[in-house]
Amino acid sequence: MKGIQIELLGIGIILLGIALSTSHFWAYTLGVIGFCVIAAGCFWKNS
């Protein structure tokens, strides 16, 4: 399961880079929010 989480985090970083390379406010905002959701999901304790 850990490998899948790292892979999703890598995909999130790539998508954040694409969003930040545009010059659009909503792309910045939604890219950062999406990355925060992915990062929180990766570091959330699995019970």
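On the other side of H1, Ile6, Glu7, Ile14 and Ser21 are exposed, where exposed means over 50% relative accessible area, buried under 20%, and partly exposed in between (1.4 Å probe, protein chains only). The side facing away from them holds the buried residues Gln5, Gly12, Leu16 and Ala19 of H1. They cover an arc of only 60° around the axis, so they lie on the same side of H1; the arc is that of the directions from the helix axis to the C-beta atoms. This is a predicted model in which local features need pLDDT of at least 70 and side-chain atom pairs count only at pLDDT 80 or more, while totals for chains, interfaces and linings use all residues. Residues are numbered from 1 along each chain as its sequence is written, and side-chain values use heavy atoms, with hydrogens and water left out.

**Overall composition**

- The protein has 2 helices and 0 strands; helices (H or I, at least four residues) and strands (E, at least two) are DSSP runs, numbered from the N terminus.
- The C-alpha trace spans about 40 × 15 × 5 Å along its principal axes.
- Of the 47 residues in the protein, 17% are buried.

**Helix H1**

- The 20 residues of H1 should span 28 Å at 1.5 Å a residue, and the end C-alpha atoms are 29 Å apart, which agrees; the expected span is 1.5 Å times one less than the number of residues.
- Isoleucine 4 belongs to helix H1 (residues 2-21) and counts as partly exposed because its relative accessibility is 48%.
- Leucine 8 also lies in helix H1, and at 45% relative accessibility it counts as partly exposed.

**Nonpolar surface patch**

- Ile4, Leu8, Ile11, Ile14, Leu15 and Ile18 form a nonpolar patch on the surface, with about 570 Å² of accessible area together.
- Patches are made of residues with over 30% relative accessible area and no salt bridge, like charges being joined within 9 Å and nonpolar side chains (Val, Leu, Ile, Met, Phe, Trp, Tyr) within 5 Å.
- A salt bridge is a side-chain nitrogen of Lys or Arg within 4 Å of a carboxyl oxygen of Asp or Glu.

**Helix H2**

- Helix H2 (residues 25-43) has 19 residues, which should span 27 Å at 1.5 Å a residue; the end C-alpha atoms are 27 Å apart, in agreement.
- Ala27, Gly31, Ala39 and Cys42 are the buried residues listed for H2. They cover an arc of only 90° around the axis, so they sit on the same side of H2.
- Phe25, Trp26, Leu30 and Val37 are exposed on the other side of H2.
- Leucine 30 is exposed, with a relative accessible area of 56%.

- Leucine 8 and glycine 41 are 33 residues apart along the chain, and their C-alpha atoms are separated by 9.6 Å.
- Leucine 30 and isoleucine 14 are 16 residues apart in sequence and 14 Å apart in space, C-alpha to C-alpha.

**Cysteines**

- The whole structure contains 0 disulfides, a disulfide being a pair of cysteine sulfur atoms within 2.5 Å.
- The sulfur of cysteine 36 is 12 Å from the closest cysteine sulfur, that of cysteine 42, and so is too far for a bond.
- Cysteine 36 counts as partly exposed at 46% relative accessibility, whereas cysteine 42 is buried, with a relative accessible area of 11%.

Key
Accessible areas come from the Shrake-Rupley method with a 1.4 Å probe; for residues, only the protein chains shown count as cover.
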